[in-house]
Amino acid sequence: MIENVHKNHPNGGGTPLFKQISVVVRPKDVIAIQGPSGQGKSTLLRVLAALDTIQSGRISLLGRPVDSWGPCEWRKRVCYVPQQPAMLPKTVEDNLALVSKLHQRKFDQPLAKRLMDEVGLGDLSWSQNPAELSGGQKQRVQLVRSLLLGSDILLLDEATSALDAQSKQAVESMLMRWKEERGTALVWVTHEQEQAERVANRFWYLENGDLSETVKKDELTSFSLDQGGVE
Ligand code: ADP
């Protein structure tokens with residue numbers, strides 16, 4: 001999906017943030033991105049979402065370069081979920097229905113209800129003002145809103161950072177079910193080693209501009225046989 005991507009550090013000093021990195025994302029992959037703070041993990045998600053520029057390299061999906069999709073179509077396929085949820089006025093329901101409005105689709109209310117239940121927000125009133133929600137509630141509403149887009153790839157930036165252990169587990173289980181049902185790939189920045197080991201089958205480590213990859217032991221055979229994927 002990304003080949004030889006080079007990006008300079010945004011501080012303008014000309015030092016590389018990414019040095020010619022290349023990776024492929026496959027359907028149903030759960031990839032944990034780890035590495036020290038400030039090494040470009042969030043930036044890599046934004047690059048994948050076509051929300052940030054690169055100096056050189058190729059980003060593509062299903063064999064087509066990002067430019068040929070157009071920004072709207074790309075973001076339908078590759079959805080970025082930021083760490084800080086951006087809630088829109090006026091109600092929780094407005095937020096859940098946002099994606100369908102933007103893309104002129106019917107709002108799938110039963111699916112939204114199911115997902116809200118699964119992330120532990122089954123009792124939350126949809127008429128509530130999102131400004132009144134806790135950080136953890138906002139994070140989960142944002143996640144459900146993003147899932148309703150039905151993208152091929154979900155880019156999760158510390159998606160459970162504001163959640164307690166129980167809600168975190170609910171979100172992890174829901175995401176695992178979702179990717180099995182839909183074939184969605186999850187690319188997940190997490191600073192929690194235990195979470196990474198619970199959810200991921202592949203691990204990217206970013207440091208000093210290089211991206212190294214390890215895979216779970218039981219993935220090694222299929223990984224070496226299958227270099228295909230979303231790209
Ligand atoms: P990580 O997610 O690994 O902590 P980031 O991708 O957030 O790293 O940031 C990578 C580097 O880019 C950091 O040094 C950060 O300070 C810098 N950076 C990120 N966003 C901006 C920005 N908008 N303006 C200037 N520097 C930025």
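Within helix H8, the buried residues are Ser167, Lys168, Val171, Glu172, Met174, Leu175, Met176, Trp178 and Lys179, where buried means under 20% relative accessible area, exposed means over 50%, and partly exposed lies in between, with a 1.4 Å probe and protein chains only. Helices (H or I, at least four residues) and strands (E, at least two) are DSSP runs numbered from the N terminus. This is a predicted model, in which local features need pLDDT of at least 70 and side-chain atom pairs count only at pLDDT 80 or more, while totals for chains, interfaces and linings use all residues. Residues are numbered from 1 along each chain as its sequence is written, and side-chain values use heavy atoms, with hydrogens and water left out.

**Helix H8 and its surroundings**

- The 18 residues of helix H8 (residues 165-182) should span 26 Å at 1.5 Å a residue, and the end C-alpha atoms are 26 Å apart, which agrees; the expected span of a helix is 1.5 Å times one less than its number of residues.
- The buried residues of H8 pack against strand E3 (30-34), helix H6 (109-118), helix H7 (135-147), strand E7 (153-157), strand E8 (185-189) and helix H9 (193-199), and contact here means heavy atoms within 4.5 Å.
- An α-helix has 3.6 residues a turn, so residues three or four places apart point the same way.

**The chain as a whole**

- The secondary structure of the protein chain comes to ten helices and ten strands.
- With a radius of gyration of 18 Å, close to the 17 Å that the globule rule gives for 231 residues, the protein chain is as compact as a globular protein of that length; the radius is taken over C-alpha atoms, and the rule is 2.2 Å times the number of residues to the power 0.38.
- The C-alpha trace of the protein chain spans about 45 × 35 × 30 Å along its principal axes, and 48% of the 231 residues count as buried.
- Of the contacts in the protein chain between residues at least 6 apart in sequence, 68% join residues at least 24 apart.
- The protein chain exposes about 11,000 Å², of which carbon and sulfur atoms supply 49%; accessible areas come from the Shrake-Rupley method with a 1.4 Å probe, and for residues only the protein chains shown count as cover.
- The 28 positive and 29 negative charges of the protein chain have mean positions 4 Å apart; Lys and Arg count as positive and Asp and Glu as negative, while His and the chain ends are not counted, and the place of a charge is taken as NZ of Lys, CZ of Arg, CG of Asp or CD of Glu.

- The 13 residues of H7 should span 18 Å at 1.5 Å a residue, and the end C-alpha atoms are 18 Å apart, which agrees.
- Helix H1 (residues 41-48) is mostly covered, with six of its eight residues buried, namely Lys41, Thr43, Leu44, Leu45, Val47 and Leu48.

- Phenylalanine 18 lies in strand E2 and is buried, with a relative accessible area of 0%.
- Not counting residues up to four places away in sequence, phenylalanine 18 touches Val5, His6, Lys7, Gln39, Gly40, Thr43, Leu44, Val47, Leu206 and Gly209.
- The C-alpha atoms of phenylalanine 18 and glycine 40 are separated by 7.7 Å, with the two residues 22 residues apart along the chain.
- Glutamine 193 is found in helix H9 and counts as partly exposed at 42% relative accessibility, and its C-alpha atom is separated by 8.4 Å from that of glutamine 34, 159 residues apart along the chain.

**Backbone features**

- A cis peptide bond joins proline 89 and lysine 90, with omega about 10°, and lysine 90 has its place in the loop between strand E6 (78-81) and helix H4 (92-96).
- Glutamine 20, in strand E2 (residues 16-23), has a phi near 50°, a positive value in a residue other than glycine, and counts as partly exposed at 44% relative accessibility.
- Lysine 28, in the loop between E2 and E3, has a positive phi of about 70° although it is not a glycine, and is partly exposed with a relative accessible area of 35%.
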